[in-house]
Amino acid sequence: MTTTFRNEPLLELRRAPERERLLAALSAVDATLPLAVPVIVAGSRRDEPSFASVDPGAPERVVANATSATAGDVDDAVRAAQRAARTWGATPASERAAILARAAGELRRRRHELAALAVRECAKPWAEADADVCEAIDFVEYYARQAVLLDAGPQLLQLPGERNTLHYRPRGVVAVIAPWNFPVAIATGMTVAALATGNGVCLKPAEQSPACALAIVDALLVAGVPAEAIALLPGEGDVGAALVAHPGVHTIAFTGSGEVGLEIMRRAADPAPGQRHLKRVVAEMGGKNCLVVDGDADVDDVVPALIASAFGFAGQKCSAASRALVHERIIDHVLERLAGALDTLLVGPADRFGVDVPPLIERSSVERVERIVGAARSDGATVHRVERMPAGDGYFAAPTLVAGARQDAAVVQQEIFGPVLSVEAVRDVDEACERIDAQAHALTCGLFSRNPRTIAEVARRTPVGNLYVNRGTTGAMVGRQPFGGNRLSGNGTKAGGPDYLMHFVEPVVVTENTVRHGLVV
Amino acid sequence: MPTTAPVEAPRSGPAPEAAIDAEVLELGRRLARRRPSVRNLSRVANDRMMALVARDPQLRAALFRLVDVAPACADADELAAHLDAFLSDVEHHSPPVALAARASTARGARHATGRIGFAAVRQMAGRFIVGETPASAAPALRRLWERGSAISVDLLGEATVTHDEGRAYADRCDETLVTLAAAAQQWPARPLLERDSAGVLPRVNLSVKVTALTPLIRAEAPERGRADAADHLRRLLRRARDVGAHLHIDMESMDSRDLILELVLELLSEPEFKAGPSAGIVLQAYLRDSEETLDGILDWAGAADRAVPLAIRLVKGAYWDHETIEALQNGWVPPVYTEKVESDRCYERITRRLIDVHPLVRPAIASHNLRSVAHAVVYARRAGLATHDLELQVLRGLGDDLQDALAAEGLRGRTYCPVGDMVAGMAYLVRRLLENTSNDSFLASRTGGAALDPLLIRP
Ligand SMILES: Cc1cc2nc3c(=O)[nH]c(=O)nc-3n(C[C@H](O)[C@H](O)[C@H](O)COP(=O)(O)OP(=O)(O)OC[C@H]3O[C@@H](n4cnc5c(N)ncnc54)[C@H](O)[C@@H]3O)c2cc1C
């Protein structure tokens, strides 16, 4: 692990043979469906299917039959992880890193298959599915290296007669509660951050993406992570709740909705009987992300960036842009071109190259989008939508532009997690900043401006965790754009950044008096 | 008119390289010796300024940012505010910069500075752009023709992100073909420019960009853009055929390379285009796989049953920074060479192949590099090509002196002439300015005062 970190190369999908390889991998995956996803605790697998994940583009296609973890499974998994934490935690960081590097190799070897799985189970379009797998590999490689650095400990001030050392110890058991929208990357990232620092892990994947999670756990086990150190606990909210409440859990790493995140924090704050530690919560929650367009912006760049940020993966990224705050001088021009660009979007199944907007993850998401768009329309806002929609019973929602909505409308205020962009006129960048400042969320923000002073001023006053200048708001890269929000968007942790691992360790300082009878020994 | 001459054998055996190099040196010196004509004197001053700018990376960045943002500024005050912000990033102020910096901050001088800024940008744009519309450009095109240069018109425009924009661009191209066809009938005869050994060379020549014809270019799904662009391109090919014009399809970045090439060759194979129009494509020598691409094109040309040979414009490639950055950010092996000399060598290899296969295709050497140009001329001469069988192309605003020198040598040249307004032209202008001031560029080395002979030796 002496080489420096570099991001896993994306597939060069502009070359036809790369695309053909992916389509072949998809056929191979399809031939094995439905997959079986068991509960895995200490290496033993219990396969008694109780729920299923489906292809959002064709819900009659079952991707995986999964077994829901019981309260007993949760308890067993936490105890196993506690035991594992002792040995795994005592394993030198460099050895753990070497094992994780093998896991990265395993993910790399299976990258086409994993991308195909994300296409099927979560309807991620190919480029995004491939990026998801690459990001997972990046997290493994990056955190493994960071853990080795962290293990060396920082230098402390040393005076004659005393020896001071600081080192970081694993916290113990980490419960990972992962989302479906980056089914490979985020589940892998949180899990590997915990493992690299010597913790035992209980992974509860989203109920929509158990098969992707199984692939991750298998890669870790094949690579040599001790069986007790990683448990797979498929299921719904009750499994996550049981983990959060369990007195043996030390850290909860969560990515998901704000509602669930706040509930986790409340629960975690309350020590269970017999619990002798404070639980720590790493929470990445939603966003209501704005893209600010100043009057001097290059509209040729703005339109594609807005389209990609708002409608890529149908807006189901926490970083997606959902409000465009456009200088009043150019808003008519921007709106006209945006509407025209919206009409070029192809809505369809994720497995087709060239599809711009895939289906949403489930029916209730479509209903949420329709409710919010309907309310905006009856409130008098102008609504422009893609008209040509695919037939069939996939969970498709039409990409939508909403102009002139009231500031208190749901489309302006709420996180939608769907293909909807509210376009609003602002007097100037200052007014845009005030609107952003009024929000409870503070995850990402985009700014298009060609004046360095404007850029510096927005950077100074923005509350968000990630500000993107003259580009779209999505696609953070490990090691390059450490990612995470402030305010109600999260507790400021930065996935893929140099300080992320600090949430999975506890610092211990040892000070030894080296003076004996006036002599330094 | 279709020629059936053997494809392989060059007319005379390959010349010893040393002998070629001596002739190339001699021709290169002759081409360079021609002084800029009177019409180009303001450009000489402009070039001096560019040379100054090229030496200071921060100043260069400030100038580009100013040119880039100018069309988006509401008024002179806003432009001055930008200038002020850009200059505050420049650390060491030479006297003129210090003056400009003071003027763009001072309340009273601000408006005037902004207006001077606009005027300067407009003047720079005027150097590269022949007119705002085809009709208003027509007189300038005629003057070029009379001076001994054929033309190719390129319509500048905003990026195409909507179907309406794609249609509007196709409409403009269509109208341009009609307008210029009418205008060109009045031009005086220029035998050298109007015929090569394969036949007539159309006076009207339009360069089109496929990415401007369709908003559906998706690197990972070429079939979408191809289908959409095909309709527009067919319409333009028909018009070109009907008015007797040449249609040239420019090459852009790697993201659309395969799409463009496949689209054009496919359409030209359609029965309705068998008899015409004259058409061409572009080959970029900076691409590592350009020689394989040429294999494919020549196979196609050998099998195609068309009345007019395909024209191939050989360039080094205008998207080097884009390709390199994109590849680095995505972890790819860059599709372009990383050393300038590799592009230059590849350019010469392909030049020789294009000449060797004559008359299978019509070669057009598009470069401002005297070595690249002189090499092509000397090799073609030694291979036994008639003078009119080699076309040499330059860009308006960068290659005007070279074009004059080529005409004086009795060589057949063509000037690529962008047409459009300042807003539409800004992206083009910035690219040309970058090219003119980048360290590796032949032109920048020359305006910067580098000695000629070392630039003329074999790469
Ligand atoms: C009439 C005309 C039409 C054109 N049409 C097109 C077109 O359709 N598509 C297109 O892409 N370009 C086109 N070009 C631009 C052309 O590709 C070159 O960018 C430009 O002509 C500069 O090349 P040069 O030979 O004149 O100058 P030189 O100074 O000899 O070469 C500069 C070129 O070398 C290459 N280069 C620079 N640095 C490196 C490096 N480190 N490693 C490898 N290579 C490097 C780049 O291609 C750069 O443009 C056209 C040019 C002309 C004159």
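A salt bridge is a side-chain nitrogen of Lys or Arg within 4 Å of a carboxyl oxygen of Asp or Glu. Keep that in mind as you explore this predicted model.

**Stop 1: a salt bridge.** Select Glu128(A) and Lys317(A) and show their side chains. The two side chains meet in a salt bridge, with 2.8 Å from N to O.

**Stop 2: the two domains.** Now colour chain A by domain. Domain 1 takes in 19-285 + 490-508, and domain 2 covers 289-469.

**Stop 3: where the domains touch.** Select the residues on both sides of the boundary in chain A: 26 residues of domain 1 are in contact with 22 residues of domain 2. About 2000 Å² is buried between these domains, and carbon and sulfur atoms give 65% of that area. Next, pick out Pro56(A), Pro125(A) and Trp180(A); together they supply 23% of the area that domain 1 buries against domain 2, more than any other three residues.

**Stop 4: polar links.** How many salt bridges are there between domain 1 and domain 2 of chain A? The count is two. Between the two domains there are also eight residue pairs in polar contact, with both residues at pLDDT 80 or more.

**Stop 5: the domain 1 side.** Finish by highlighting helix 1 (16-32), strand 5 (58-66), helix 4 (111-122) and helix 5 (126-152) of chain A, the elements that give two or more residues to the side of domain 1 touching domain 2. Coloured by residue type, that side of domain 1 shows 15 nonpolar, three polar and eight charged residues.

Technical notes
Residues are numbered from 1 along each chain as its sequence is written. Chains are lettered from A and ligands numbered from 1 in the order in which they are written. This is a predicted model: local features need pLDDT of at least 70, side-chain atom pairs count only at pLDDT 80 or more; totals for chains, interfaces and linings use all residues. Side-chain values use heavy atoms; hydrogens and water are left out. Domain bounds come from an automatic or database domain assignment. Contact means heavy atoms within 4.5 Å. Buried area is the accessible area (1.4 Å probe) that two parts lose on being put together, summed over both. A polar contact is a pair of N or O atoms within 3.5 Å; within protein, one must be able to donate a hydrogen and the other to accept it, and residues adjacent in sequence count only if both atoms are side-chain atoms. Helices (H or I, at least four residues) and strands (E, at least two) are DSSP runs, numbered from the N terminus. Ala, Val, Leu, Ile, Met, Phe, Trp, Tyr, Cys and Pro count as nonpolar, Asp, Glu, Lys and Arg as charged, and the others, Gly among them, as polar.
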